[in-house]
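Please open the structure in a viewer and keep the selection panel at hand. The stops below proceed from the whole chain to individual side chains.

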Amino acid sequence: RDLKTCQAILTREVGEGVDASELLRKPSGWRGRSQQIYSLQKKIQELQARVPGSREEEHRSRIKDIEERRKQTQQELLGELDRSKGERDERVRQCAALKVRNKTLSDDLRALKAQLAFLVEKSRHDDELIARLEKTNSKSKSRSAPAERSRSSQSSKCAACRSNECAAEEEA
């Protein structure tokens, strides 16, 4: 059990896939994993020290500016979205009102067409009645015309008689 524990510790130190017998054959220039990690961290610190800190601050200020512009743009877009929604709602209300108006006008048009059809039919019927009455009237006139002529001639004679004093009256 101790052997397994030692092997696990050794594997952590040197890494997996490294043969321990090979490490014994190599000269003492070999460094363990933790030593390599430490040296790399130190190198990172040295490189960061070489880079001026103003660059980091410059990047932070740029990022802050970008964030502010993004937030401002987002607020503007949200406002525009709200206005667009309001306009859309108004258009929906207008559309509904226009649909109601269209239906009302269509119903009125149907009613007027029905009235017009009724009036056209009534007019046709009235024309037929007028034609019949004119025909009846002309027949009545043609029948009564000879009788009326005789009446009119008698009445004209009577009128002549009155003005000239009728000879029949003189004879009497």
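Colour the chain by secondary structure and follow it from the N terminus: the order of elements is α-α-α-α-α. The assignment gives five helices and zero strands, where helices (H or I, at least four residues) and strands (E, at least two) are DSSP runs, numbered from the N terminus. This is a predicted model, in which local features need pLDDT of at least 70 and side-chain atom pairs count only at pLDDT 80 or more, while totals for chains, interfaces and linings use all residues. Residues are numbered from 1 along each chain as its sequence is written, and side-chain values use heavy atoms, with hydrogens and water left out.

The chain has a mean pLDDT of 81, and 72% of its residues reach 70 or more. Among the elements, H4 has the highest mean pLDDT (86), and helix H5 (residues 167-171) the lowest (46). Select residues 167-172: pLDDT stays under 50 there, and the model has two contacts beyond four places in sequence for this segment (contact means heavy atoms within 4.5 Å).

Of the 172 residues in the chain, 3% are buried (buried is under 20% relative accessible area, exposed over 50%, partly exposed in between; 1.4 Å probe, protein chains only).

Hide the surface and show the charged side chains. How many salt bridges does the structure hold? There are seven, each defined as a side-chain nitrogen of Lys or Arg within 4 Å of a carboxyl oxygen of Asp or Glu.

Begin with Arg-88 and Asp-89, whose side chains form a salt bridge at 3.0 Å, N to O. Asp-89 is partly exposed, at 32% relative accessibility.

Proceed to helix H4 (residues 53-164) and select Lys-103 and Asp-107, which lie four residues apart and are therefore separated by about one helical turn. Their salt bridge brings the closest N and O atoms to 3.2 Å. Lys-103 is exposed, at 52% relative accessible area, whereas Asp-107 is partly exposed at 30%.

Further along H4, select Lys-122 and Asp-126, again four residues apart and so about one helical turn from each other. Their closest N and O atoms are 3.5 Å apart in a salt bridge. Lys-122 is partly exposed at 43%, and Asp-126 is also partly exposed, at 30%.

How values were computed. pLDDT is the predictor's confidence in each residue, from 0 to 100.
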